[in-house]
Amino acid sequence: RLNPTLNAFITTDRDKTLAQARCADEIRKVGAGDTAASLSDTPLNGIPLAHKDIFCTQGWRTTCGSKMLANFVSPYDAHVVERFAAAGMVTLGKLNMDEFAMGSSNETSFFGPVKNPWDVSRVPGGSSGGSAAAIAARLAPAATGTDTGGSIRQPAALCGLTGLKPTYGVVSRYGMIAFASSLDQAGPMAKSAEDCALMLTAMAGFDTRDSTSLERPAEDYSRHLNQPLTGLKIGLPKEFFGDGMDTDVRAAVEAALAEYRKLGATTVEVSLPHSELSVPAYYVIAPAEASSNLSRFDGVRYGYRAPDYGDLADMYSKTRAQGFGAEVKRRILIGTYVLSHGYYDAYYLKAQKIRRLIAADFTEAFTQCDVIMGPTSPSVAFAFGAKNADPVQMYLSDIYTISTNLAGLPGMSLPCGFGNAQLPNPMPVGLQIIGRWFDEARMLNVAHQYQ
Ligand code: GLN
């Protein structure tokens, strides 16, 4: 009933969903055999979720929000999809997203924008906007997302949800369509930190099919949820609390910090001196990697092919001209430019050096605190079209989230009240928590104690 308005789902398949649900139900009832016994034990068995349409799903269309893949049916499942199926979760469908995950508002999707359920004249955030809208409107209790520069945390913030981007390498990228491979990471989006912890436990783990997947012992991410926060040291980066944050966002974040002090935490000012360089560095590195990753969409191997063409070069060029949207083309152009001979040292290499300095800033800050907190997004959800005219304005929506990806650190967003209180629809504000590498269990505890 709500989806035609919200446009959160690109694909649903009632028969496939019901078949999977019946199977989960049988296993729960019968509970026989090894797999069945372990499945009936999992707390996720029989619970529905939906997948961002960047994850390959066998037998389902996987579009990545693009005309290029509008009719692509994957012959295999992504690692994350396999993991949730093995935990007994039931797939409700595939969720809308910015084209190839490039965007912060879901306005770049070939399948049309997703609406924010809190106020349908506003964006849900992006690129995992379909995931956020589906959960916020209660069309799904949980969803997968991916975060290259903020695409789990920013839509979670704008739609009043909890979402977590794990440490780079904790969740396998196998079967997740690549945007910027050194930054992309999959993570859970749900109503609470408790739900995200259950999902992360199912998603995480070593996978030989992703060369950047890390071989680490399995973790139960729910294990710390009930620990008190007494003695927790929260670092507040002075660069995150300067100009640029809207006053209503600031008020909500300050109120949440006051609550944390009541829960026994202390706050200390820290500094991330290179954070103002994170957006420029990201918009060199991410397009560079994207220009290389997206070269596979050539009309030959899979996806769209232009109907009329002359020779092979003409087929490539028409296919890509017709198959990709404007933002994707902009990124491919920037990426090939910064990687080209003569510009590589001036742009790409310099951005890589900044990336290392940004990671070093965090290492230094974490000598003074256990977690870092700040806003997830500088504003509440904005109106459709508000940032479309100037790409840089759109890019600045991720000013507080991008440095985490450049450093490979885990980051999450949780709801901390409302802004725009004077409007008919007050809009959710997100509080961001950034942790040390592999400190997801602590971050989930910190979020859960507040919730
Ligand atoms: N909004 C950022 C971009 O457009 C981040 C997207 C993402 O995390 N996938 O690149």
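Two residues are in contact if their C-beta atoms, placed from the backbone, lie within 7 Å. The exercises below use this term. The structure is a predicted model, in which local features need pLDDT of at least 70, side-chain atom pairs count only at pLDDT 80 or more, and totals for chains, interfaces and linings use all residues. Residues are numbered from 1 along each chain as its sequence is written.

**Exercise 1. The annotated residues**

Task: State which residues the UniProt annotation "active site" covers, and describe the places of K52 and S151.

Solution.

Step 1. According to the unreviewed UniProt entry, the "active site" annotation covers K52, S127 and S151. These residues span 100 residues in sequence, yet no two of their C-alpha atoms are more than 11.0 Å apart, so they gather at one spot. UniProt positions are given here in the numbering used for this model, feature names are shortened, and annotations may be inferred rather than shown by experiment.

Step 2. Helices (H or I, at least four residues) and strands (E, at least two) are DSSP runs, numbered from the N terminus. K52 belongs to strand β2, residues 48-52, whereas S151 sits in the loop between β4 (142-147) and α6 (153-159).

Step 3. A residue is buried if 20 or more other C-beta atoms lie within 10 Å of its own, exposed if 12 or fewer, and partly exposed in between; C-beta atoms are placed from the backbone. K52 is buried because 32 other C-beta atoms lie within 10 Å. S151 is buried because it has 35 C-beta neighbours inside 10 Å.

Step 4. Neighbours within four places in sequence are left aside. The contacts of K52 then include L95, M97, S128 and G130. S151 is in contact with A101, G126, S127, S128, G145 and T146.

**Exercise 2. Helices α9 and α5**

Task: Decide whether helix α9 is enclosed or open, and check its length. Then treat helix α5.

Solution.

Step 1. The expected span of a helix is 1.5 Å times one less than its number of residues. For the 16 residues of α9 (residues 278-293) this gives 22 Å, and the end C-alpha atoms are 22 Å apart, so the two values agree.

Step 2. In α9, 12 of the 16 residues are buried, so the helix is largely enclosed by the rest of the structure. Among them are Y282, Y283 and E289.

Step 3. The buried residues of α9 pack against α11 (326-339), α12 (344-365), α13 (391-395) and α14 (402-407).

Step 4. In α5 (residues 129-136), 8 of the 8 residues are buried, so this helix is also largely enclosed by the rest of the structure. Just after α5, R138 takes a positive phi of about 65 degrees.

**Exercise 3. Strand β10 and its partners**

Task: Which strands are joined to β10, and by how many bridges?

Solution.

Step 1. Two strands pair if DSSP finds at least two bridges between them.

Step 2. Strand β5 (residues 162-165) is joined to β10 by 3 bridges, and the two run antiparallel. Here K165 stands opposite G411 in β10.

Step 3. Strand β11 (residues 427-435) is joined to β10 by 7 bridges, again antiparallel. The bridge partner of M412 in β11 is I433.

Step 4. As for cover, 8 of the 9 residues of β10 (residues 411-419) are buried.

**Exercise 4. A loop residue**

Task: Is N71 buried or exposed?

Solution.

Step 1. N71 lies in the loop between β2 and α4 (79-86).

Step 2. N71 is exposed because 11 other C-beta atoms lie within 10 Å.
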